Protein chains: 2
Amino acid sequence: MKAAILLTAGFEDAEAVIVYDILSRLNIVVDMISCTEKRTVTSYFGLTLLTRITLGDIGDFLYDAIIIPGGPEATKSMAKNRQALSFIEQHDVAGKWLCALCSAAPRVLADNQLLKGRAYTCSGDLWQGRTEGRYRDNDIVVDGNLITGRGLGVAFDFAFTVAEYLSGSAVAGQQQAEHIYHQRKSM
Amino acid sequence: MKAAILLTAGFEDAEAVIVYDILSRLNIVVDMISCTEKRTVTSYFGLTLLTRITLGDIGDFLYDAIIIPGGPEATKSMAKNRQALSFIEQHDVAGKWLCALCSAAPRVLADNQLLKGRAYTCSGDLWQGRTEGRYRDNDIVVDGNLITGRGLGVAFDFAFTVAEYLSGSAVAGQQQAEHIYHQRKSM
């Protein structure tokens, strides 16, 4: 199993890294991908990550899951990034897992008609005034191949959910949650 | 208020970044500091961070808090890093907040006689066989100027605790926890 986390300037620091960490712990290979022309990407709070690849390096390869973290500037900019949107849509059409956290579902997916009527959650009131997709007032929402999470404080549960759907097993996730002292909320 | 997170190769990815993120959200300036000669530091799961400074750049400046994340290789290596140990001890002697997560308290502090009898917590059974300091079976332990956390799954609560002691106020922390949908455990 191989997953991609899509980064652009202003990505929410811990949302991206928690998902990377938990998937890695569950033996899923994760690529942090810069969606710009440079391999360095600076986060919302000013951390600079040196990624191994940019979106332009990937070609036709399809990941088993792609994950879009939040961060206000990042999701606004990714919503206009044609290359990233095309990459996301190709994965969705192929039935791969499409995973969006915080502001990513309304800004990147809804505003580009990529929710296609599916249920989703997101942070704050970003669902208001958006008619694409069906907002649900839950921490984590799974609808078909779309997994969405409300925000940073549920990033662990979001990551464990993504890992479980990717692996098809909840046992390893629960063992790892106990190992790191993470108490999962009932969903 | 200014805090430093001490990084060396193999640092636990999300432990470092969650603390960085939460302290930044609470308006505490945080420096990620490379404790090697290079500004790039690679995490436990292979993320490469480009820090703005190395320990050698700091001189005599004292931070209000220093934070040591876990990561097995990082804490083993920091336990033998004379420059980092001297930096930690200078801050402790000056009464600054000394904050250690996961394996950092037993490996870096206890094994260098830096706990000085204080109560602490850590991951797994690393407390066993170590006689320096008094292990407590809790998620977060505060004793004097020492704040310790058990591991990754309690990193949010650890970070909020550090921020509250630094700022002297719990109100902003609670508001931010609600803003990001983090449910704090009772401590």
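This is a predicted model: local features need pLDDT of at least 70, side-chain atom pairs count only at pLDDT 80 or more; totals for chains, interfaces and linings use all residues.
I take buried to mean under 20% relative accessible area, exposed over 50%, and partly exposed in between, with a 1.4 Å probe and protein chains only. Residues are numbered from 1 along each chain as its sequence is written, chains are lettered from A and ligands numbered from 1 in the order in which they are written, and side-chain values use heavy atoms, without hydrogens and water.

**Entry 1: helix 3 of chain A**

I took helices (H or I, at least four residues) and strands (E, at least two) as DSSP runs numbered from the N terminus. I looked up which residues of helix 3 of chain A are buried, and found A:A84, A:L85, A:F87, A:I88, A:H91 and A:D92. They cover an arc of only 160° around the axis, so they sit on the same side of the helix; the arc is that of the directions from the helix axis to the C-beta atoms. An α-helix has 3.6 residues a turn, so residues three or four places apart point the same way. On the face turned away from the buried side I found the exposed residues A:R82 and A:V93.

The buried residues pack against strand 1 (2-7), strand 6 (65-68), helix 2 (72-78), strand 7 (97-101) and helix 4 (104-109) of chain A. Contact here means heavy atoms within 4.5 Å.

I checked the length of helix 3 (residues 82-93) of chain A: its 12 residues should span 16 Å, and its end C-alpha atoms are 16 Å apart, which agrees. The expected span is 1.5 Å times one less than the number of residues. At the N-terminal end A:N81 is the cap, with a side-chain oxygen 3.2 Å from the backbone nitrogen of A:Q83. After the helix comes A:G95, with a positive phi near 80°.

**Entry 2: A:D157 and A:K185**

I found A:D157 in helix 5 (residues 155-167) of chain A, buried at 5% relative accessibility. Leaving aside neighbours within four places in sequence, A:D157 is in contact with A:I140, A:H182, A:R184 and A:K185.

A:K185 is in the segment after helix 6 (171-179) of chain A and is partly exposed at 25%. Not counting residues up to four places away in sequence, A:K185 touches A:D139, A:V154, A:D157, B:Y181 and B:Q183.

I superposed chain B on chain A by a rotation of 180° with 0.0 Å of shift along its axis, RMSD 0.0 Å. That is the relation of a two-fold axis. In chain B, the C-alpha nearest the axis belongs to B:L49, 2.4 Å away.

**Entry 3: nonpolar cores**

I counted as a nonpolar core a set of buried Ala, Val, Leu, Ile, Met, Phe, Trp, Tyr and Cys residues joined through side-chain atoms within 4.5 Å. The largest has 80 residues, and A:I18 and B:I18 have the most contacts inside it. Apart from it lies another core of 29 residues, including B:I33 and B:Y63.

Methods: Copies are superposed by least squares on the C-alpha atoms of residues with pLDDT of at least 70 in both. A polar contact is a pair of N or O atoms within 3.5 Å; within protein, one must be able to donate a hydrogen and the other to accept it, and residues adjacent in sequence count only if both atoms are side-chain atoms.
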